[in-house]
Amino acid sequence: MYAHVTHILKIGRSNFKPPPQVDSSAVRLVTKNPRPGIKFEEWDAMLRVCFGRKNRTLRAGWLGGRKVLEWVEGCWRGWCALNDIPVDEGEGMDVEQPSGQGNGREVNEDEWDGIMDVDDLGDDNNPKQQEEVDDDNDDELPDLFKQAREANTMNGTSGKRKKKGKVFELVREKVRKVLEDDTGLADRRARTLDQNDFLRLLLAFNKEGIHFG
């Protein structure tokens, strides 16, 4: 984000002793002047979610797990508090929060809980597949949400019923709007996007009052 990157040349593994298992490249970094007016913490947090689920669409990464949406809800609540915007809690619905042991449990497809689009071969031309994701899987869960999960475990709240409030549903609709209506990136995978795509995504989130960090 803060520099222009240009590929110079490829360096074969035979040029190193002992030779590594991969080839290398030489690149040129030229600092952008002036620097983009974007907070690094916010940029980094958004990219961690986008790349947190390899080979999955942005829709799956942002709407497919409760932990991500709860974190986004917290970000939006913080923005509302800083700008003196009242939050209407309203009434929600009771849902079963995943405990990591329910691979056979039924999920309401309208709720997006635990349903992720997956391409097992990493080929965008393959048919879409659905699989249920365990939010407690350390290999899959972005670092941003591991602490929240551990706190829930220590407090004995993991796996218990938790109410989905009006704010949660509002935030989920904001995320859906950003991905589908505002940017059209919902069905794209992070590895296929360029910097301009991510800048558009961040701007769209910010316009909805969602600021990460």
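**View 1. A nonpolar surface patch brings together Val5, Val27 and Leu29.** Patches are built from residues with over 30% relative accessible area and no salt bridge, joining like charges within 9 Å and nonpolar side chains (Val, Leu, Ile, Met, Phe, Trp, Tyr) within 5 Å. A salt bridge here is a side-chain nitrogen of Lys or Arg within 4 Å of a carboxyl oxygen of Asp or Glu. Val27 sits in strand β2 (residues 24-31) and is partly exposed, at 48% relative accessible area; buried means under 20%, exposed over 50%, and partly exposed in between (1.4 Å probe, protein chains only). Please keep in mind that this is a predicted model, in which local features need pLDDT of at least 70 and side-chain atom pairs count only at pLDDT 80 or more, while totals for chains, interfaces and linings use all residues. Residues are numbered from 1 along each chain as its sequence is written, and side-chain values use heavy atoms, leaving out hydrogens and water.

**View 2. Helix α3 (residues 66-82) packs against helix α5 (residues 166-182).** Their axes are 9 Å apart and meet at an angle of about 100 degrees, so α3 and α5 are roughly perpendicular (65 to 115 degrees; under 35 is roughly parallel, over 145 roughly antiparallel, the rest oblique). Axes are lines fitted to C-alpha atoms, for helices over the stretch in contact, and angles run from 0 to 180 degrees between N-to-C directions. On the α3 side, the contacting residues include Leu69, Val72 and Trp76; among their partners in α5 are Phe168, Leu170 and Val171. Contact means heavy atoms within 4.5 Å. Helices (H or I, at least four residues) and strands (E, at least two) are DSSP runs, numbered from the N terminus.

**View 3. Asp84 has a positive phi although it is not a glycine.** Its phi is near 55 degrees. You will find Asp84 in the loop between α3 and β3 (93-96), where Asp84 counts as exposed, at 69% relative accessibility.

Definitions and conventions: Areas by Shrake-Rupley, 256 points an atom, 1.4 Å probe, with all protein chains shown as cover.
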